[in-house]
Amino acid sequence: MAFTTQYVPVADGGVPRTITGYAMEALSGGQFVFCSGGTAAVNISGLTSFTANDLIFAKASGLYFNGIATHNAASGALLTVATAGMFIVGAEGTVVGGGPVIANGADGVVPYTAALGSIGLQAIGRALTYAGSEGYCVIQVGQV
């Protein structure tokens with residue numbers, strides 16, 4: 001099931017943890033994203049050269065995840081991404097509070113299991129609340 005995505009922060013740990021780059025494709029607020037190296041334009045050329053142009057974000061997959069888009073962005077537009085905090089997201093399997101979760105594509109989480117870990121998937125955070133499949137839960141991104 002594809003969830004309706006929307007950026008819904010619950011808490012940010014006291015200091016917003018975001019970074020700004022550009023959208024590689026049209027993205028909705030609330031979608032999981034990763035920093036794509038799919039173009040030669042993504043290049044940190046020197047110690048003091050970092051700009052927003054150096055980051056290009058695309059929809060996340062189960063394997064790649066850097067954060068959650070905080071707003072809608074057209075392809076090529078500036079995009080701010082939350083890299084840590086607590087958010088309401090969709091569950092695509094039964095999620096248990098306190099348990100680690102992984103990104104299941106661009107808009108939902110599933111519980112982390114050893115079998116998923118064995119194929120290279122990494123936990124993106126922990127669930128704070130329970131959710132049945134196709135329900136919503138609060139997760140803490142970055143808390144593994």
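C35 is partly exposed, with a relative accessibility of 26%; partly exposed denotes a value between the limits for buried (under 20% relative accessible area) and exposed (over 50%), with a 1.4 Å probe and protein chains only. The model is a predicted one, in which local features need pLDDT of at least 70 and side-chain atom pairs count only at pLDDT 80 or more, while totals for chains, interfaces and linings use all residues. Residues are numbered from 1 along each chain as its sequence is written, and side-chain values use heavy atoms, with hydrogens and water left out.

C35 stands opposite F57 in β4. Strand β3 (residues 32-35) and β4 run antiparallel and are joined by 3 bridges. Strands here are DSSP runs of E with at least two residues, numbered from the N terminus, and two strands pair if DSSP finds at least two bridges between them. Strand β4 (residues 56-59) is also joined to strand β2 (residues 17-23), by 2 bridges, and these two run parallel. In that pairing, Y22 has I56 in β4 as its bridge partner.

A further cysteine, C137, is buried, at a relative accessible area of 1%. A disulfide is a pair of cysteine sulfur atoms within 2.5 Å; the search of the whole structure finds 0 of them.

The loop between β9 (125-127) and β10 (136-141) contains E134. Although E134 is not a glycine, it has a positive phi of about 70°. Most residues other than glycine have a negative phi. With a relative accessibility of 48%, E134 counts as partly exposed.

Technical notes
Helices (H or I, at least four residues) and strands (E, at least two) are DSSP runs, numbered from the N terminus.
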